[in-house]
Amino acid sequence: MSQTLSANDARLIALAAQGFDTPRPATVGEAEIEATARQLALIQLDSVNVVVRSHYMPFFARLGSYDHSLVERVAFDQRKMYEYWAHVASLIPIETYPLLRWRMEASPPRWRIKGLLEEAPGYVDAILDEVGKRGPMIASDLDDPGSRKGPWWGYSEGKIALEWHFLKGAITTHSRRNFTRYYDLAERVIPADILSQNSISPDEAQKQLFLLGAKAHGVGTAKDLTDYFRLHHVTMRPRIKELVEDGRILQVEVDGWDEPAYMHPDAAVPDEVHATALLTPFDSLVWRRERTERMFGFHYRIEIYVPEPKRKYGYYVMPFMMDGEIVARVDLKADRQKGVLRVQSAFIEPNRSETKVAAALATELKLMASWLELDRVVVGRKGDLVGALRTEIKNGKGV
């Protein structure tokens with residue numbers, strides 16, 4: 001008979017698994033960055049830079065202010081993390097590299113690279129040779145980078161070839177400068193003791209990735225946990241069954257959930273969680289929107305790709321968590337030219353104390369502005385929380 005959890009216990013388990021059950025440290029160094037990355041199992045990368053690059057935010061949410069360069073130092077100087085397609089493009093603790101080799105080996109050519117391999121296979125091979133001779137490099141450094149096809153994600157032939165070799169594991173990220181990826185041969189970047197490990201069967205590797213997702217989430221449905229490393233849900237069904245039979249994962253019931261849930265055996269149920277944090281849309285606590293609604297009663301959709309007249313809350317809306325509950329949402333923008341953190345909208349969730357939420361949010365916005373080296377917080381006029389928040393800012397809570 002499976003264990004039954006209350007919805008509140010499931011929420012507390014999730015918060016603890018994500019590192020929100022302990023106070024922020026007084027100081028943040030390399031050890032705290034590494035420990036957080038390992039606890040979360042991966043940090044999602046995203047190119048949007050309205051406030052700050054998204055991969056810096058999960059560390060800020062859990063640790064508070066820190067030097068941004070610590071992430072690059074731990075990831076690329078110390079080689080404690082590497083980049084690959086995990087959830088999506090992600091920074092991942094280096095020890096998981098062998099677990100993703102099956103994905104590298106199994107990835108078929110699709111879309112643009114498929115056409116390029118058919119039309120110019122010698123060109124694609126030559127790109128890898130050039131990286132081997134000259135790397136680390138970016139696409140524009142290539143002798144023949146090719147021409148860009150279309151706007152935004154319209155990669156040149158050289159970039160397409162580089163991304164193909166990245167997908168297949170022949171090359172990887174050497175470093176990033178201004179978020180631009182510099183490529184080099186994997187054998188020159190991935191530590192030799194990691195690269196030389198014996199291969200793991202796809203079956204076992206996928207089980208271990210599922211368990212990493214389960215440990216990072218604490219508890220979730222099968223779809224929640226397979227989504228962490230973007231495993232194929234149908235393929236994983238028999239493997240999840242085997243993990244349950246082996247005692248490596250626990251099947252549980254959560255009050256109010258329509259589907260069976262699975263809990264990591266090491267998951268802890270804290271008595272309470274008092275974490276307060278602003279969350280990027282790509283934070284692993286909230287990136288699966290169905291789970292966010294089920295776990296926190298918070299309906300959340302990112303509106304970046306919604307035409308402005310149709311946006312309900314704003315362009316880059318961050319959930320705001322207070323005492324382990326998501327209580328508000330704010331559309332933020334870092335106006336670096338004027339040294340201002342702009343709150344373009346602020347909305348409170350139903351049945352929350354406006355005074356308490358506004359005070360806690362003002363304090364967190366002040367901390368974020370300081371972390372981003374911005375001088376002040378300016379509150380706009382959209383949303384039912386802006387009046388109270390503006391009052392707290394004027395009273396000194398946010399400046």
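Modeller: Grid points are joined across faces, edges and corners, and a volume is the space filled by probe spheres set on the points. This is a predicted model, where local features need pLDDT of at least 70, side-chain atom pairs count only at pLDDT 80 or more, and totals for chains, interfaces and linings use all residues. Residues are numbered from 1 along each chain as its sequence is written, and side-chain values use heavy atoms, with hydrogens and water left out.

Colleague: How many cavities of 30 Å³ or more are there?

Modeller: One. The largest cavity holds about 40 Å³ of space.

Colleague: What lines the largest cavity?

Modeller: L45, H55, V71, E72, F76, E83, L91 and R176. Helix 4 (residues 69–77) gives the most, three residues; helices (H or I, at least four residues) and strands (E, at least two) are DSSP runs, numbered from the N terminus. That lining splits into four nonpolar, one polar and three charged. Ala, Val, Leu, Ile, Met, Phe, Trp, Tyr, Cys and Pro count as nonpolar, Asp, Glu, Lys and Arg as charged, and the others, Gly among them, as polar.

Colleague: And how much space lies in the largest pocket?

Modeller: About 1,900 Å³. It has 50 lining residues, and W85, A89, R112, Y155 and E163 are the closest to its centre. Helix 5 (101–106), helix 6 (111–119), helix 8 (157–167) and strand 6 (180–185) are the elements that give two or more residues to the lining.

Colleague: Which element gives the most to that lining?

Modeller: Helix 8, with five residues. By type, the pocket lining has 27 nonpolar, 13 polar and ten charged residues.

Colleague: While we're on helix 8, is K159 buried or exposed?

Modeller: K159, which is in helix 8, counts as buried at 18% relative accessibility. Buried means under 20% relative accessible area, exposed over 50%, partly exposed in between (1.4 Å probe, protein chains only).

Colleague: What does the K159 side chain make a polar contact with?

Modeller: The side chain of Y183, at 2.6 Å. A polar contact is a pair of N or O atoms within 3.5 Å; within protein, one must be able to donate a hydrogen and the other to accept it, and residues adjacent in sequence count only if both atoms are side-chain atoms. Not counting residues up to four places away in sequence, K159 touches A139 and Y183, contact being heavy atoms within 4.5 Å.

Colleague: Where does S140 sit?

Modeller: In the loop between helix 7 (121–134) and helix 8. S140 is exposed, with a relative accessible area of 55%.

Colleague: New topic: T226, buried or exposed?

Modeller: T226 is in helix 12 and buried, at 2% relative accessibility. A polar atom of its side chain lies 3.3 Å from the backbone oxygen of K223. Leaving aside neighbours within four places in sequence, T226 is in contact with F210, L231, H233, M236 and I240.

Colleague: Last one. Which residues of helix 14 are buried?

Modeller: In helix 14 (residues 289–296), R289, R291, T292, M295 and F296. Seen down the helix axis, they fall within an arc of 155°, so they line one face; the arc is that of the directions from the helix axis to the C-beta atoms. Their cover includes helix 1 (7–17) and helix 11 (202–217).

Conventions
1 Å grid on protein atoms, 1.4 Å probe; cavity = no way out; pocket = protein on both sides within 12 Å on 5 of 7 lines; lining within 4 Å.
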